[in-house]
Amino acid sequence: MTDFPIPSDDDDLFTSAGLRLTVDLSALTENWRDMARRSGAARAAAVVKADAYGTGIEDVGEALYLAGARDFFVATVDEGVTLRLYAPEARIFVLSGIWPGTERRFFDNDLVPVISSDEQFAFWMAVLADYGDYPCALHVDTGFNRLGLHIDDAIALADDVSRPASFAPVLVMSHLACGDDPTHAMNRQQLESFRKVTAVYEGIDSSLAASAGIFLGDDYHFDLTRPGIALYGGEAVSGMANPMRPVATAEARIIQVRTVEAGETVSYGRALQLCRRSRLAIASAGYADGYMRSLSSAGVPLRQALPQGGQGFIAGHKVPVAGRITMDLTIFDITDLPENAVRAGDYIELFGTNMPLDDVARAAGTIGYEILTSMGLRHERRYVAEE
């Protein structure tokens, strides 16, 4: 009979979870303080959209609030309602703006809509006519061509003497398209365009820089910066050593260890044929959990461009993914580890302190944002504060 570790009765869900995520709140708050220092004279907000980039908006929001953050950005009104419970005196900006049927939730939870389109502006004017004065933010497109009022329209609005007196934005913002590339000419072009906007909205807070933009220097900081991925330990600037502390560590439980003979094949499609007698560890995480299929070691198109697939970290060593990643399971080759180094019930690190998030992302052909926010609903979270 296999020597299988049986959890004791007092083990919590985290200890026995198939997939688990450890979030270091002290690293998170130190990253925020670091970005606040790098923001110079500007205040540093905290971007906690997408459930705080997959790390949990409740605990992360509260930790950042207690660390001193007083401006937050979320994607949806639902996120804003949740965050309000943990950041009672903060300004909370909702990036997706306001739409019919949501206005009471904005007012009841003191949320600030970010107005990004002509349609939203028209609706906001109707809301103000019914409810009176209420703050908003104005998002202006300076070349990204995603969200935002056209720059000429935003400037004309500032000079429009017929606009309602109740329309009084508390923030004017834009977003850099190429901030992760400090040498890109687009950064300076957007900066100059945004300066034209801030000149006509004098006395109103302005914000251009997210994580990458903060590293571009003082010219880009204005009144408020919006660090996001950097807070969670992610790489904000391409080609630069990442100065942020790792925050999230994802681990999957090993369900089985098996020996497979040379010449046999592994996983779907028989994409990997073993050239030696091998020991394989099957982990309880797959693409349904956000561990992307593109990390497979064989049998996926990306391997034609990037020969190295994903790796995990276990028993003090990095070990490669073997064959294709499946929906709920990933196979790792542990042949080079000592015979008894890994057994069923052990955990393998998918990313974290020993497997940097962005290294894993590069092997998957993507960015750390996608890996972190795609970890799925089946992981169990634990929060620590390790000094």
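Two residues are taken to be in contact when they have heavy atoms within 4.5 Å of each other. In this predicted model, that criterion picks out a meeting of two helices, in which Ile57, Glu58 and Gly61 of α4 touch Glu79, Thr82 and Leu83 of α5. By class, this contact of α4 with α5 is made up of two nonpolar, two polar and two charged residues.

Two packed helices are described by the angle between their axes and the distance between those axes. Here helix α4, which covers residues 57–67, packs against helix α5, residues 77–84, at an angle of about 55°, and the axes are 9 Å apart. Angles from 65 to 115 degrees would count as roughly perpendicular and those under 35 degrees as roughly parallel, and α4 and α5 are therefore oblique to each other. The crossing in which α4 passes α5 is right-handed.

A further topic is the backbone. Most residues other than glycine have a negative phi. Asp51 has a positive phi, near 55°, and this residue belongs to helix α3, which spans residues 49–53. Ser267 also has a positive phi, near 70°, and is found in the loop between β13 (265–266) and β14 (272–273).

| Residue | Phi | Relative accessible area |
|---|---|---|
| Asp51 | near 55° | 26% |
| Ser267 | near 70° | 26% |

Since buried means under 20% relative accessible area and exposed means over 50%, Asp51, with a value of 26%, is partly exposed, and Ser267, with a value of 26%, is likewise partly exposed.

Notes: Residues are numbered from 1 along each chain as its sequence is written. This is a predicted model: local features need pLDDT of at least 70, side-chain atom pairs count only at pLDDT 80 or more; totals for chains, interfaces and linings use all residues. Side-chain values use heavy atoms; hydrogens and water are left out. Helices (H or I, at least four residues) and strands (E, at least two) are DSSP runs, numbered from the N terminus. Buried means under 20% relative accessible area, exposed over 50%, partly exposed in between (1.4 Å probe, protein chains only). Axes are lines fitted to C-alpha atoms, for helices over the stretch in contact, and angles run from 0 to 180 degrees between N-to-C directions. Angles under 35 degrees count as roughly parallel, over 145 as roughly antiparallel, 65 to 115 as roughly perpendicular and the rest as oblique. A crossing is left-handed if the near helix is turned anticlockwise from the far one by less than a right angle, and right-handed if clockwise. Ala, Val, Leu, Ile, Met, Phe, Trp, Tyr, Cys and Pro count as nonpolar, Asp, Glu, Lys and Arg as charged, and the others, Gly among them, as polar.
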